[in-house]
Amino acid sequence: MQPQQTFGRGGLNGFLDVDELVDRIGLDEDEIAWRKEFIGFDEDDERRLAALEPLVQANAEAIADDFYENVLHYEQTRAIVDRSPKDVDALKRTQQAYLVSLAAGEYDREFFKNRARIGKLHELLDMPLKQYVGQYGVYYDLILSRLNERVQQQVVDAIEEWAEERDAEGDGGLERFVGALGLGGGIEDAEDGLEESFEETVRDAIDDGMMDVLSLLRIINLDMQVAVDTYVDSYAQQLEESIERRKRLAREVEEDVQGPIAELHDSSEAIANRAEAISEHTESQATGITRAAGELNEMSAAIEEVASVADEVSEESDRTETLAAQGVEAADDALDELAAIEDATDRVADAADALADRTEEIDEIVDRLDELAERTTVLAANAKIESSRDGADGSETMSVIASEVRSFAEQTKTDLSEIEEAVEAVRQDATATVETTEETVSRVETGTDRVRKTVDSLEEIHESARTTASGMEDVAAATDQQARGVEVTAETLDDLSESADTVASAAESVAAASQQQTASLSEVRESVARLTDDEPDSAPPVYERLG
């Protein structure tokens with residue numbers, strides 16, 4: 001299959017209507033003629049391009065290979081090739097057909113219609129315009145390098161032809177050629193450089209070659225214009241669709257936001273009123289916080305004083321604990337003394353009991369002595385009686401004995417009476433002593449119980465004092481911590497006071513902003529309504545404005 005037959009048979013052609021595309025971009029006969037005239041493309045360019053067809057045919061395959069070697073070298077352009085329904089070989093054949101078509105010689109509406117289709121196919125492959133236009137730079141390098149060789153060969157051919165003509169005229173052949181180059185000294189026309197005819201020949205050859213280049217550049221430029229038109233048309237369609245979507249969205253937004261804007265308007269007014277109330281409450285709060293901060297400062301001072309007193313109480317508690325410990329020791333000593341007193345009391349009671357027993361024995365002895373005195377008295381009486389019966393000597397002796405016995409008896413009675421009185425007194429004292437001893441024992445027992453209770457109480461006091469001392473240390477520590485906390489709270493309240501002032505100011509700003517927002521909502525409603533305004537009828541098509 002020839003390259004021309006493969007050109008334009010890609011799988012993407014079914015996705016586009018070329019006639020509609022050409023009509024949309026305004027590519028009719030008049031437009032084509034204007035574009036040709038604008039860049040100076042005429043029948044002479046068509047003739048020159050037709051003359052270049054053999055050169056293009058001969059180099060099409062090599063140019064296509066070099067072209068795709070460059071395309072596949074870059075990741076971005078290689079991604080476009082990967083999206084094409086054609087493989088690389090098919091794309092190369094298409095490229096060859098495209099190059100040959102540049103020199104086809106028929107540059108009518110069908111030619112430019114085909115150029116539009118090619119440009120649209122590349123746009124459908126999502127090839128960026130920079131890549132598509134950039135490909136022409138690759139063409140320039142690949143095509144013009146071959147065309148440069150052709151131009152050089154044309155110059156050489158023109159020089160040879162000039163030399164042959166001079167040789168045929170008998171002008172000296174090689175000597176004539178050397179003179180034409182200005183290297184000899186025998187030719188008058190070459191005094192100031194090249195021979196005029198030779199220079200004209202070279203210039204004409206170069207000019208002819210450059211005109212071929214210009215013809216090729218002109219047709220490529222026309223081709224590029226049409227391709228860019230297809231991209232601009234696509235962008236214009238996308239833009240028109242975007243504008244239509246914007247209009248449709250604007251209508252939907254207008255319908256959707258009418259209710260919320262009205263609600264927002266009402267809520268903005270409510271927010272403004274509430275912001276004013278918040279501002280007033282915040283100012284009151286700031287005042288209260290300032291007052292609370294002052295009270296906290298006073299409380300902090302009081303807590304510091306309490307902490308100081310707590311330290312003193314802690315010291316006093318320590319002293320109380322020491323005294324309680326000493327009281328416990330003294331109570332223990334008192335208990336020991338009471339135990340000794342109790343022992344002594346027991347001994348006194350035993351002695352009193354023994355004394356009572358002895359007193360009873362003395363009573364018995366006194367009774368016996370009393371009985372002896374009675375008997376002695378009787379004896380004295382009998383002795384006196386007997387003395388009266390006996391003689392004078394015996395009577396006198398008995399009388400004396402009787403007197404002595406009586407006197408002894410009387411004295412004995414007197415002594416016994418005193419002994420009885422003394423014994424009675426001893427008995428009474430012993431009884432009193434016993435009673436006192438019993439009372440003392442009772443009191444000692446009661447005192448002992450009380451001392452024991454006192455010891456127990458002192459021990460409890462000692463434990464309580466110890467606990468109190470420990471608690472007072474905790475109280476002192478807690479009071480110090482509380483004082484620090486109060487100071488921090490006071491500082492926080494100061495910060496809150498400043499923050500409340502800031503909030504009050506912010507609330508005022510919010511109120512003002514809310515009022516401004518309320519005022520702006522009307523403008524928003526008007527702006528939303530303007531979104532659905534139709535575009536002016538006199539506005540030109542988008543692709544024309546972009547062009």
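Author: L372 sits in helix α10, residues 196-389. Helices here are DSSP runs of H or I with at least four residues, strands are runs of E with at least two, and both are numbered from the N terminus. The model is predicted: local features need pLDDT of at least 70, side-chain atom pairs count only at pLDDT 80 or more, and totals for chains, interfaces and linings use all residues. Residues are numbered from 1 along each chain as its sequence is written, and side-chain values use heavy atoms, with hydrogens and water left out.

L372 is partly exposed, at 41% relative accessible area. Buried means under 20%, exposed over 50%, and partly exposed lies in between (1.4 Å probe, protein chains only). With I365 and L369, L372 makes a nonpolar surface patch of about 220 Å². Patch residues have over 30% relative accessible area and no salt bridge; nonpolar side chains (Val, Leu, Ile, Met, Phe, Trp, Tyr) are joined within 5 Å, like charges within 9 Å. A salt bridge puts a side-chain nitrogen of Lys or Arg within 4 Å of a carboxyl oxygen of Asp or Glu. Areas are Shrake-Rupley values with a 1.4 Å probe, and for residues only the protein chains shown count as cover.

Now the whole chain. The protein chain exposes about 33100 Å², and carbon and sulfur atoms supply 50% of it. Of its 547 residues, 33% are buried. The secondary structure is 12 helices and 0 strands.
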